[in-house]
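Subject: Structure for your attention

Dear colleague,

Please find below the structure I promised to pass on to you. My notes on what was found in it follow directly after.

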Amino acid sequence: MSSIEISFVIASSYPKELAEFYAHFNEVEIHKGIDSDHYLLSLRNVLTIQIYRPSAKQSCPKGGRTIALCFQSNPSTDPIAKIKRWSSEITQIGGSIVSTPNKKSFGAELWLSDPDGNNFLIFAPSIS
């Protein structure tokens, strides 16, 4: 079973436009898939699956946010400022903010949605 590969799929009525959205802020190229309505984005790092417990201030999410894409920036001395700049760029290309930036001891995070309404998380870790 060592040949198993993991990927995420996102169904969309407008796959090219959604691929362009994610490619833009991840600074990657779009590749053609198996047909004219299929696109691939290869991120620069290996896929990581993160499993976490929300903070005590938040209840465990039900649907929509229990499984979501998480985009993580490099560590920062001011992660909340980084999240605000990053989210501003994302909203300029069609994303929507769905929560307020959340600062934690390990960094800052913010939930957004893509142009199709899929929720995703952006995370900026703190420099320790």
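**A buried lysine and its partner**

K104 is buried, with a relative accessible area of 17%, where buried means under 20% relative accessible area, exposed over 50% and partly exposed in between, with a 1.4 Å probe and protein chains only. K104 forms a salt bridge with E109, the closest N and O atoms being 3.8 Å apart, and E109 likewise counts as buried, at 12% relative accessibility. By salt bridge I mean a side-chain nitrogen of Lys or Arg within 4 Å of a carboxyl oxygen of Asp or Glu. Side chains of opposite charge can pair when their charged atoms come close.

Before going further, please note that this is a predicted model, in which local features need pLDDT of at least 70 and side-chain atom pairs count only at pLDDT 80 or more, while totals for chains, interfaces and linings use all residues. Residues are numbered from 1 along each chain as its sequence is written, and side-chain values use heavy atoms, with hydrogens and water left out.

The structure holds two salt bridges, and the other one joins the side chains of K16 and E20, at 3.1 Å from N to O.

**The chain as a whole**

The protein chain contains two helices and seven strands, which are DSSP runs numbered from the N terminus (helices are H or I with at least four residues, strands are E with at least two). Read from the N terminus on, the elements follow the order α-β-β-β-α-β-β-β-β. Of the 128 residues of the protein chain, 29% count as buried. The protein chain exposes about 9,100 Å², of which carbon and sulfur atoms supply 52%; accessible areas come from the Shrake-Rupley method with a 1.4 Å probe, and for residues only the protein chains shown count as cover. Among the contacts in the protein chain with a separation of 6 or more, 46% come from residues 24 or more positions apart, contact meaning heavy atoms within 4.5 Å.

How many residues of β6 are buried? Seven of its seven residues are, which leaves β6 mostly covered. In a regular strand the side chains alternate between the two faces of the sheet. In β6, G107, E109, W111 and S113 point one way and A108, L110 and L112 the other way, and all are buried.

Strands count as paired if DSSP finds at least two bridges between them. Strand β4 (residues 96–97) pairs with β6 in the antiparallel sense over two bridges, with I97 standing opposite L112 in β6. Strand β5 (residues 102–104) also runs antiparallel to β6, joined by three bridges; here N102 stands opposite E109, and a hairpin joins β5 to β6 through two residues. With β7, the antiparallel pairing of β6 extends over seven bridges, and the bridge partner of L110 in β7 is I122. The hairpin of β6 and β7 has five residues between the strands, and in it G117 takes a positive phi near 90°.

**The core and the aromatic rings**

The largest nonpolar core has 15 residues, of which F25, I90, F120 and I122 touch the most other members. Such a core is a set of buried Ala, Val, Leu, Ile, Met, Phe, Trp, Tyr and Cys residues joined through side-chain atoms within 4.5 Å. The elements giving two or more residues to this core are α1 (15–26), α2 (79–92), β6 (107–113) and β7.

F120 counts as buried, at 0% relative accessibility. Leaving aside neighbours within four places in sequence, the contacts of F120 include F21, Y22, F25, F71, I90 and L110.

The structure holds eleven aromatic pairs, where rings of Phe, Tyr and Trp (its six-membered ring) pair if their centres lie within 6.5 Å, and planes under 30 degrees apart count as stacked, over 60 as edge-to-face and the rest as tilted. One of these pairs is F71 with F120, edge-to-face at 5.7 Å centre to centre with 85° between the planes. This pair links distant parts of the chain, since F71 lies in strand β3 (residues 69–72) and F120 in strand β7 (residues 119–125), 49 residues apart. F71 counts as buried, at 8% relative accessibility. F21, Y22, F25, F71, W86 and F120 form one aromatic cluster.

With best regards
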